[in-house]
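Please consult the sequence and the 3D view alongside the text.

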Amino acid sequence: PRVAVLASGRGSNLAALLEARERGELPVEFVLVGSDKASAGALRLAEAANIPTLALDPRSYPDRRAFDLDLFARISASGAEWLVLAGFMRILDGEALTPWVGRMINIHPSLLPKYRGLHTHRRALEAGDHEHGASVHFVTAELDGGPVIAQARLAIAAGDDEHKLALRLLPLEHRLLPAVLGLLANRRLQWDGHAVRFDGQLL
Ligand code: GRF
């Protein structure tokens, strides 16, 4: 299956996907890595892996929706069948992403449905939570609101601050995202927009 990835930052989750593929654990072809930041480290990783890249500057568009429509048009043109948001820091227009519902996943650093949106580690700490984690979910028009596919959990440690907690969570994210994409790529996990099925069985 052909996969496109969107990232806005350093791309450690993208790196985890590329490494999983190198290890032969992820039978996918990465056809595009796109970003809203031309300086994103994720684009450098893609270039090093000879994966086509795309950097669209939101300031070149009259409005958010125009940016999103062009972005999705380029993703479709790449031949991608799946779309992975790996640290992509823009909220996408619900209508523009509609054709991708069921084929688009996101990794979010919280135990959804807790802490949708930003600053998740800080919010978990401020709430006095004993555990935190990351979720991979199908993307829908509702921000961080699509069906959760799988989660990774870790105990919040006494000395944790926002930075330490984020750093301790990353390695779990780097195992979770490739594992979920692998299930989707092998078509063992499917969502038709209503029900999630694993190996054909309703979950
Ligand atoms: C990760 O923590 C991810 O959960 C969140 O943004 C961060 C991206 O990091 N969406 P990276 O760019 O993949 O290193």
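Is Y115 buried or exposed? Y115 is buried, with a relative accessible area of 15%; buried means under 20% relative accessible area, exposed over 50% and partly exposed in between, with a 1.4 Å probe and protein chains only. This is a predicted model, in which local features need pLDDT of at least 70, side-chain atom pairs count only at pLDDT 80 or more, and totals for chains, interfaces and linings use all residues. Residues are numbered from 1 along each chain as its sequence is written, and side-chain values use heavy atoms, with hydrogens and water left out.

**Loop between strand 5 and helix 5**
- Y115 is placed in this loop, between strand 5 and helix 5; helices (H or I, at least four residues) and strands (E, at least two) are DSSP runs, numbered from the N terminus.
- Phi of Y115 is positive, near 60°, in a residue other than glycine.
- P113 is also found between strand 5 (104-108) and helix 5 (120-126).
- The peptide bond joining L112 and P113 is cis, with omega about 10°.

**Loop between helix 2 and strand 3**
- N50 lies between helix 2 (41-48) and strand 3 (53-55).
- Although N50 is not a glycine, its phi is positive, about 60°.
- N50 is exposed, with a relative accessible area of 70%.

- Three strands form an open, antiparallel sheet in the order 8-9-10; two strands pair if DSSP finds at least two bridges between them.
- Strand 8 (189-191) and strand 10 (201-202) are the edge strands, each pairing on one side only.
- Strand 9 (residues 196-198) is joined to strand 10 by two bridges.
- R197 stands opposite L202 in strand 10.
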